[in-house]
Amino acid sequence: MKLVHYAGLLLKSMKKISLSRIRNLFRYLKKEGVQGTKKRLLECIYAEAQKETPAVVKVRSFQSIEECERLELAECKTPKVSVIIPVYNEFAFTYQCLASIVNAGDHAGMEVILADDHSTDLTRQICSVVSHVKVVRSERNLGFLRNCNQAAQQASGEYLFFLNNDTQVQKGWLDTQLRLMEENPLIGMTGAKLVYADGRLQEAGGIIWQDGSAWNYGNGQDAGAPEYNYVKDVDYLSGAAIMIRAALWKQIGGFDERFAPAYCEDSDLAFAVRKAGYRVVYQPQSVVVHYEGISNGTDVRTGIKKYQVANTNKLYQKWKQDIQKACPCGVNVFQSRERSRGKKVVLFVDHYVPMPDRDAGSRTVFQYVRMFLKQGFAVKFIGDNFHKSEPYTTMMQQMGVEVLYGAYYQKHLFAWLDENQSWIDFVFLNRPHISVKYIDYFCEKTDCKVFYYGHDLHFLRNRREFALTKDPKKEKEAKEWADKEFYLMRRADLSYYPSQTEVDEIQKLDSSIRVKAVTAYAFDSFPQGGQEDVAGREGMLFVGGFAHDPNRDAVLWFAKEVYPLIRKERQIPFIIAGSYPTSEIEKLDGKNGITVKAFASVQELTALYASCRIAVVPLRYGAGVKGKVVEALYHGIPVVTTPVGAEGIEDIHTAVCVAQQSAQGFAAQVLRLYDDTQRLREMSAASQELVKKQFSMDAVWEKIKEDFV
């Protein structure tokens with residue numbers, strides 16, 4: 001993993017080194033017998049370079065149709081998407097565009113409609129070398145706009161995808177745009193990330209300024225840079241690769257013919273989509289190589305291109321009231337590139353991009369990010385390691401979060417903050433060891449309102465561990481954490497902790513601190529059902545990340561002291577699921593009914609919660625609300641825990657059995673509950689009611705909404 005990270009950083013620093021040069025160097029080192037780290041690093045660089053460089057086939061000219069290999073487009077009798085490719089001559093580009101569709105292999109059911117605007121070249125014979133392409137041919141040259149409108153009348157798909165013939169699509173070009181549409185009915189139109197053949201960015205959505213002028217945002221820049229790779233609303237999308245709902249297209253009336261023969265019809269369509277109540281959204285995962293200027297050239301003084309200037313004025317006059325609400329040209333690019341003017345902006349800072357299937361803190365941050373998005377905020381995210389951890393970074397970007405990562409931001413972060421902090425309203429700092437790096441800057445150099453979320457009281461956790469182990473190192477750590485945590489809380493405008501227990505502890509030591517109890521969990525959906533099938537379930541389950549000391553201690557104590565007492569009475573399987581297990585925990589796997597599952601996926605954890613009869617949370621020390629308890633309650637699985645595990649959750653005794661913090665007491669409670677099917681069903685129902693009441697996204701927002709005005 002580290003080599004991949006370093007490879008990405010090195011690749012960014014190489015600027016314009018070509019993929020072929022990297023390939024040749026790789027072959028040379030292989031020939032020379034270079035082994036070890038150097039060889040593996042180069043392999044990683046090559047792999048990263050392949051990710052960044054689009055798959056492009058050089059467009060060659062054809063003298064006759066016999067020179068073309070046959071292309072097999074998939075037949076689809078009930079297409080989800082109608083892909084409409086307007087063409088006028090330029091057969092070689094059209095052929096290669098169709099070849100790229102075949103090679104991309106996207107799964108969406110599609111029909112391909114070739115809108116032939118009275119071509120005179122080999123385009124007329126294209127059906128002899130391309131299967132299952134539907135040709136709609138004009139009897140005379142209509143021009144781009146009218147040609148598209150005519151072809152759209154022959155489409156049968158639920159969605160229309162307009163694709164220029166001077167393009168080569170990349171894997172995911174269609175499926176990723178369709179997914180956005182299917183997931184969100186308020187999105188009316190989506191568009192691709194357009195890149196040049198050498199991999200440089202052509203456009204990541206468009207901006208229209210107050211005077212009617214336009215920007216292709218990011219033109220000529222690094223297509224892999226974070227600012228160009230998150231889902232966002234945009235002013236317009238270049239018509240080279242756009243998707244629109246077919247019903248919406250008909251409602252609008254297609255491209256407005258006042259813009260015939262071409263230019264600005266795509267921008268006009270975006271305004272019309274918004275007027276109809278829908279969003280216009282950029283999808284960076286849909287990557288399309290565009291050979292700009294092939295059809296109409298680039299000189300705005302001649303040919304069809306001359307209509308670009310005239311139509312820009314028509315667009316301004318038609319949408320003048322909307323356009324004049326925009327910023328002056330080049331002002332406030334930060335918000336203009338994503339249409340976030342009028343939205344509050346919240347910046348999250350944490351140690352890394354949240355990995356919700358790896359640790360409880362990540363789940364908290366992930367859910368809070370989703371909550372702010374749901375409430376209409378624009379969300380930015382800084383992971384202090386600046387690593388593009390996958391699939392987590394892409395997951396955040398697809399939610400609409402701009403994630404800052406990579407060597408550039410690691411080096412220039414505070415310059416970026418200096419430039420953009422006036423547009424940031426709120427800063428949400430997480431964890432003490434990360435927050436201390438940033439809080440002075442935000443408090444002294446910005447007007448942002450600063451929130452600090454501690455997740456738990458580290459000093460209290462260490463004090464409790466010291467009381468248990470008498471390890472003087474833990475006493476020293478408790479003092480160090482207390483100094484750090486109280487410094488942060490005194491500087492922040494407001495601090496959040498997951499439980500009233502922690503708030504009381506803080507204010508007992510310093511009543512002047514502004515602190516509020518806010519749960520660490522904010523669920524927006526809930527599983528159906530509970531423990532009705534308890535008789536068919538078997539086993540005890542522990543879930544937790546083992547980078548966290550209390551979890552390691554809990555599992556080892558349970559396995560060594562509690563579980564043997566249970567096994568004497570009942571052969572109940574014990575499953576341990578968690579990230580980063582120590583060697584001592586790994587050695588438990590397969591011994592005396594114990595199974596260890598490291599790095600279980602979300603789907604695997606869900607299956608475990610559904611198949612096990614009870615969850616055990618044998619924590620002997622810690623602080624605050626325990627995420628593993630809340631997560632078990634969320635899944636409707638009854639819990640046996642200690643007083644430490646039950647801490648901070650109101651009315652918990654209806655859904656959780658709190659055992660004595662001794663091996664005999666914990667084992668006895670497990671054995672009493674395990675076969676009491678009626679009690680298990682009652683606890684399951686109570687647990688899900690408790691979670692909905694205390695840990696829903698709506699409940700959390702109700703507690704904090706007054707802080708974010």
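Predicted model: local features only at pLDDT ≥ 70, side-chain atom pairs only at ≥ 80, totals over all residues.
**Entry 1: strand S8**

I started with S8, residues 187-195. Buried or exposed? I found 9 of the 9 residues buried, so the strand is largely enclosed by the rest of the structure. Buried here means under 20% relative accessible area.

Next I looked up the partners of S8. Strand S14, residues 279-290, runs parallel to S8 and is joined to it by 8 bridges. In that pairing I noted Lys-193 opposite Val-287. Strand S13, residues 241-245, is antiparallel to S8, with 3 bridges. There Thr-190 has Met-243 as its bridge partner.

Strand S9, residues 201-203, also pairs with S8 in the antiparallel sense, over 2 bridges. Val-195 faces Leu-201 across this pairing. I then checked the link from S8 to S9. The two strands make a hairpin, with 5 residues between them. Which turn residue has a positive phi? It is Gly-199, at about 95°.

**Entry 2: the open sheet**

I moved on to a sheet of 7 strands. I wrote down its order as S17-S16-S15-S18-S19-S20-S21. The sheet is open, and the pairing is parallel. Which strands stand at the edges? They are S17 (402-404) and S21 (515-517). Each has a single partner strand, so one side of each lacks a neighbour in the sheet. On average, neighbouring strands of this sheet are turned by 20° against each other, direction ignored.

S16 runs parallel to S17 and is joined to it by 3 bridges. Ile-382 stands opposite Leu-404 in that pair.

Helix H19, residues 500-509, lies across S20 (494-497) and S21. The helix runs at about 155° to S21.

**Entry 3: the nonpolar cores**

I then turned to the largest nonpolar core, which has 98 residues. Which members touch the most others? I listed Phe-348, Tyr-368, Phe-372, Phe-428, Met-540, Ile-576 and Phe-708. Helix H20, residues 549-569, gives the most to this core, with 9 residues.

Last, I noted a second, separate core of 49 residues. Its members include Val-136, Leu-145, Leu-201 and Ala-225. Leu-201 was already in my first entry, as the residue opposite Val-195.

Terms used
Residues numbered from 1 in each chain as written. Heavy atoms only, no water. Buried < 20%, exposed > 50% of the residue type's maximum accessible area, 1.4 Å probe, protein only. Helix = DSSP H or I, 4+ residues; strand = E, 2+ residues; numbered from the N terminus. Pairing = 2+ DSSP bridges. Axes fitted to C-alpha atoms, helices over the stretch in contact; angles between N-to-C directions. Contact = heavy atoms within 4.5 Å. Core = buried A, V, L, I, M, F, W, Y, C linked by side-chain atoms within 4.5 Å.
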